Amino acid sequence: MTHKYYERTGFYSFVGRNLKSAILPIIGVILLIFLFNRYVYNINDGLRHFTETFSRGSVLATFFLSESLLGLIPPEIFIAWTKKTDDPILNLSILAVLSYCGGLISYFIGKYISKIEKVRLYLEVKMAKSLQNIQKWGGVLILVGALLPLPFAIACLTAGMIKYPFKNVVFFGLFRLARYAIYGWAIFKVVH
């Protein structure tokens with residue numbers, strides 16, 4: 001039943017188009033990190049320097065600010081940082097909760113931004129078709145933002161701008177915690 005609905009409403013083609021546009025940048029970032037680590041600067045050395053230079057509070061505050069404002073600093077850097085701390089599991093858990101809370105703050109920033117007249121008009125006129133799709137499938141988009149290496153803050157900001165129900169953002173955003181568990185496990189295997 002749900003499959004037929006998604007097929008009829010164009011959900012699969014919408015997700016497919018967006019995944020196609022996201023896959024090359026994701027592969028590009030992974031390749032750049034690999035090449036940077038191999039030929040420019042050893043990331044493990046950088047993480048060691050990072051943990052020895054900055055206090056835990058400074059790192060967590062920087063991370064929370066990033067996760068609340070567009071999530072521009074890749075969280076994988078901070079996940080790798082937790083491996084180098086005295087209590088990696090606790091710090092990873094704190095990162096997960098801060099990321100989740102940062103996304104919720106982004107939601108309210110989006111609600112505020114949508115009240116600005118020029119932004120509201122732009123959304124209503126230029127983005128009308130995209131907004132219809134986002135409103136229809138907002139939960140899936142929040143889920144994708146929570147699980148994939150896309151900025152979760154941007155997904156939540158968008159949800160706030162289109163007035164997607166907050167309770168749904170709270171629920172689907174919980175998958176962000178699972179992402180940190182999975183990525184933490186993978187990164188802990190790589191970082192020595």
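Student: Which residues have the most contacts inside the largest nonpolar core, and how many residues does that core have?

Tutor: This is a predicted model, in which local features need pLDDT of at least 70 and side-chain atom pairs count only at pLDDT 80 or more, while totals for chains, interfaces and linings use all residues. Residues are numbered from 1 along each chain as its sequence is written, and side-chain values use heavy atoms, with hydrogens and water left out.

The largest nonpolar core has 14 residues, and L60, F63, F78, I79, L92, L95 and Y180 have the most contacts inside it. A nonpolar core here is a set of buried Ala, Val, Leu, Ile, Met, Phe, Trp, Tyr and Cys residues joined through side-chain atoms within 4.5 Å. Buried means under 20% relative accessible area, exposed means over 50%, and partly exposed is in between, with a 1.4 Å probe and protein chains only. At least two residues of this core come from each of helix 4, helix 5 (75-83), helix 6 and helix 12 (175-190). Helices are DSSP runs of H or I with at least four residues, numbered from the N terminus.

Take F78 as one member. Contact means heavy atoms within 4.5 Å. Beyond its neighbours within four places in sequence, F78 is in contact with F50, V59, T62, F63, I73 and L95.

L60 is another member, and it sits in helix 4. L60 counts as buried because its relative accessible area is 12%. Leaving out residues up to four places away in sequence, L60 touches W81, I94, L95 and L98. L60 and N91 are 31 residues apart in sequence, yet their C-alpha atoms are 8.9 Å apart in space.

That brings in the pairing of helix 4 (residues 56-68) with helix 6 (residues 88-113), whose axes come within 7 Å and cross at roughly 35°. The axes are lines fitted to C-alpha atoms over the stretch in contact, and angles run from 0 to 180 degrees between N-to-C directions. The crossing is right-handed, meaning that the near helix is turned clockwise from the far one by less than a right angle. From helix 4, residues including R56, L60, F63 and F64 meet residues of helix 6, among them L90, N91, I94, L95 and L98. By class, this contact has 10 nonpolar, six polar and two charged residues. In that count Ala, Val, Leu, Ile, Met, Phe, Trp, Tyr, Cys and Pro are nonpolar, Asp, Glu, Lys and Arg are charged, and the others, Gly among them, are polar.

S114 is buried, because its relative accessible area is 3%. S114 and M161 are 47 residues apart in sequence and 5.0 Å apart in space, C-alpha to C-alpha.
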